[in-house]
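This briefing is meant for a reader who is meeting the structure for the first time. Please keep the sequence and the model side by side while reading the points that follow.

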Amino acid sequence: MGSATKTVKYNKENIVKRLLGTGLPRKSIGFLNGLNIWHGTIFFLAFYKQMLFYSFDPIGAQIRGLNTSFLNYLFLIMLSLAIIGSLQTVGIILVLSMLIIPAASAKLLSRTFNFTTIIGIIFGVISSVSGLLLSYYFNLPSGPSMALVATVIFILCFLYKKLRKPVYFGAPEA
């Protein structure tokens, strides 16, 4: 282990790139990240209803005969693929913010799980692409740029929810 750590150079620039992201990955890593995203999408679509049932009622899913341990491990694998795929671009520190902020923004705007999922994916894509463009044109680190765009989207969703008047369908106001 000691000889392995001696061969790796740890300078300030390398550590900052690991923590905050380096932008677009090399060609081979980008291809592997694309495969990770593709596999995660296929698993998500193939087991969507089972995962939805399991996430809301694990005991009910087990009673209905679903293999809950398989669904649990499938979820953990999909989460791991998402984290591994985003480490190079976003960095170690900001991976969690890019997982949480788009979903929280979508939850502010929707009442159903399906709509939250769709809007969360759209917000995540907008944050990633806009952050990469900001980092390219203004010579900024890609991870903080993506997190900044995601945070701006969250603030806009929060303000929209606070400023709009709620509409009640079928229930009188109290």
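This is a predicted model: local features need pLDDT of at least 70, side-chain atom pairs count only at pLDDT 80 or more; totals for chains, interfaces and linings use all residues.

F47 is partly exposed, with a relative accessible area of 23%, a value that falls between the 20% limit for buried residues and the 50% limit for exposed ones.

**Aromatic pairs and a cluster**

- The count of aromatic pairs in the model comes to five. In one of them, the rings of F47 and F70 have centres 5.4 Å apart and planes at 70 degrees, so this pair is classed as edge-to-face, given that planes over 60 degrees apart fall into that class.
- Because F47 sits in the loop between α3 (27–46) and α4 (48–56), while F70 belongs to helix α6, their pairing ties together parts that are 23 residues apart in sequence.
- F70, the partner of F47 in that pair, likewise counts as partly exposed, at a relative accessibility of 36%.
- Another edge-to-face pair is made by Y136 and Y137, since the centres of their rings are 5.1 Å apart and the planes stand at 80 degrees; both Y136 and Y137 are exposed.
- One aromatic cluster is formed by Y48, F56 and F113.

**Overall make-up**

- The secondary structure of the protein consists of nine helices and zero strands, so that, read from the N terminus on, its elements run α-α-α-α-α-α-α-α-α.
- The protein has 174 residues, of which 27% count as buried, that is, they have under 20% relative accessible area.

**Nonpolar surface patch**

- A nonpolar patch on the surface is formed by Y73, F75, L76, I77, L79, L96, L99 and I100, which together have about 750 Å² of accessible area.
- Two helices, α6 (68–90) and α7 (95–109), each supply at least two residues of this nonpolar patch, and α6 gives the most, with five residues.
- One of the patch residues is F75, which lies in helix α6 and is partly exposed, with a relative accessible area of 41%; this value is over the 30% that a residue needs in order to belong to a patch.

**Positive surface patch**

**Single positions to look at**

- Which residue has a positive phi although it is not a glycine? The residue is N139, whose phi is about 55 degrees, and its place is in the loop between α8 (113–138) and α9.
- N139 is also exposed, because its relative accessible area of 72% is over the 50% limit for that class.
- A103, which lies in helix α7, counts as partly exposed at 39% relative accessibility.
- The C-alpha atoms of A103 and T116 are separated by 7.1 Å, although the two residues are 13 residues apart along the chain.

Terms used:
Residues are numbered from 1 along each chain as its sequence is written. Side-chain values use heavy atoms; hydrogens and water are left out. Patches are made of residues with over 30% relative accessible area and no salt bridge: like charges are joined within 9 Å, nonpolar side chains (Val, Leu, Ile, Met, Phe, Trp, Tyr) within 5 Å. Accessible areas come from the Shrake-Rupley method with a 1.4 Å probe; for residues, only the protein chains shown count as cover. A salt bridge is a side-chain nitrogen of Lys or Arg within 4 Å of a carboxyl oxygen of Asp or Glu. Helices (H or I, at least four residues) and strands (E, at least two) are DSSP runs, numbered from the N terminus. Buried means under 20% relative accessible area, exposed over 50%, partly exposed in between (1.4 Å probe, protein chains only). Rings of Phe, Tyr and Trp (its six-membered ring) pair if their centres lie within 6.5 Å; planes under 30 degrees apart count as stacked, over 60 as edge-to-face and the rest as tilted.
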